[in-house]
Every structure is written in C-alpha cells, then in structure tokens.
Amino acid sequence: MIPPAPAPMLRIDRLSSRYGRIQALREVSLEVGEGEIVALVGGNGAGKTTLLRAISGVQPVSGGAILFKGADITRARPHARVAAGIAQSPEGRQIFGELSVADNLRLGAYLRRDYAGIAEDTERMFTMFPALKELRERPGGALSGGQQQMLAIARALMGRPVLLLLDEPSMGLAPVLVDQILAAIAALKAAGTTVFLVEQNAFAALSIADRGYVLETGSVVVQGSGRELLTNPDVQSAYLGV
Ligand code: ATP
C-alpha cells in the first residue's frame, strides 16, 4: 500500500482578507511542502503582500484557514508563529539603519537564548553572504540595496525558521545582485529551509521554484511546477514579457 502523503508544511485553505470594502484575497488555497521553494507571482496589487502578512499574523482574515505543520494557526498571535518557526523577510527590507550589520543579525535571534548557537549562526551567515562579513561593523543604512536585502534575509534566518517567507527579495536590485539573491535562496533550500517566495519578477522566482502559483486580483488563477509556469503561454504573455 502506498503510504499517505505527509501533510504540507503550510496549507492555505480558501483564505479571504479585506481592507474595508476592498477584498484583497478571495478564497486563496495553496500549499508549501517541506523542503520546497514555492513561488507566488503576480502583478501590482494582486494581493501577494496581503497573503504574506496574513501568514505572519499581522493581517486579519475574513474567511478560510492557515495550517502550519497540521495545526490551525489562523488566529494565532504573530509572535507565536515566529516561535513556531515562521520568519518573514519583509518587502523594502526594513533593516535597522543605525545599527551595525552584526547587531541587525543579533536582533533576528531575539527569541533565542542559546548564545553559542547564535554566535555559530552569525558565522554561518557570514559564510553564506561574504559581503556582510566585511561590513559587519558598518551601520545597516550604509549598505547598498543588494547588501541590505542579504542582511534582511540573513536576519530572518537567525531565528532558525523552518519556513522562510520572502517578500520581493529582488525588488530594486541590479540583475547581477538578483542572481546572487537567487543563488542564496537555492542554497537555503539545499540546507533544508522551506521557502515561500513572493515576487513580481516572475522569471526569477519561477526559475528557482519547485512549484508556483499565479495570483490575480486576490485569486489563484494558475498553478504548476516552476517549469510548467515558465512555459505556460498565458503566464509568458502576462508576466514574462514573451
Ligand atoms: P505589490 O507588489 O504592489 O506590493 P501586492 O500583490 O503585494 O502588490 P497587496 O499589497 O497585497 O498587493 O494589495 C492587494 C490589494 O489590497 C490592492 O488592491 C491594494 O490596493 C489593497 N491594499 C493593500 N494595502 C492596503 C491598505 N493598507 N489599505 C487599503 N487597501 C490596501
């Protein structure tokens, strides 16, 4: 007998969310399996950030459910979700400009008390992002856009999340830096982190994703493997400029 498939790490079930009269998410359903990179792509205002904020617990939902490792977390407090292993690297980076790179990383570990482990992980981040090592004593605000993006991702990783939510990590970056960020995300997957990646840059996201979903005006309209979506004519004409 074939054993039942394991429950997905994250399951979004018919989730709806609104800002007053604006319905930003309409019965969105999707899944992120353990060890996967799953991409959510879509244009401006499609609802991508709203969905990530709902998963993090800072956006009210008006219907549906969010399950994490089989547990219903739809009404859980944001800090409880962080403690459970969900970390978000926000759009626009939001690093602390006055604090050094090293202190920004320490803040990412604010729920942890295993100081030796924190020191170890800090070095691991410097191995993963060598540019940050050279800049460790510099204020975060003095870093370039790409370096700040790497710092934001590294800071989220300092909490040792099992699920990393990334909001537009390629935003505003030159192509060479986009490639570096993509390589870093692929390395995270190889190290066992599950990644839910939200992007307007559909080509970048789908090229590293195991699977992807396309969101339009709050609804999932297409889903498939990263490769299927990259070769889907509708996706190509709407999002890939083909
Ligand atoms: P972008 O890539 O531009 O960030 P997005 O796909 O992340 O777009 P959202 O920011 O989630 O889209 O927005 C979804 C919808 O909700 C849009 O119609 C947007 O105008 C609306 N919206 C977002 N934030 C608010 C808010 N604070 N108040 C009212 N409406 C909002």
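Q: Is G43 buried, exposed or partly exposed, and what is the relative accessible area behind that label?
A: Buried means under 20% relative accessible area, exposed over 50%, and partly exposed in between, with a 1.4 Å probe and protein chains only. G43 has 25%, so G43 counts as partly exposed. Keep in mind that this is a predicted model, where local features need pLDDT of at least 70, side-chain atom pairs count only at pLDDT 80 or more, and totals for chains, interfaces and linings use all residues. Residues are numbered from 1 along each chain as its sequence is written, and side-chain values use heavy atoms, with hydrogens and water left out.

Q: Where does G43 sit in the chain?
A: Helices (H or I, at least four residues) and strands (E, at least two) are DSSP runs, numbered from the N terminus. G43 lies in the loop between β3 (37–41) and α1 (48–56); the chain has 10 helices and 10 strands.

Q: Which residues is G43 in contact with, leaving aside neighbours within four places in sequence?
A: Contact means heavy atoms within 4.5 Å. On that basis G43 touches K48, Q200, L215 and Y239. As for C-alpha distances, A238 is 195 residues away in sequence but 8.9 Å away in space.

Q: What share of contacts in the chain between residues at least 6 apart joins residues at least 24 apart?
A: That share is 67%.

Q: And how much of the chain is buried?
A: Buried residues account for 49% of the 242 residues.
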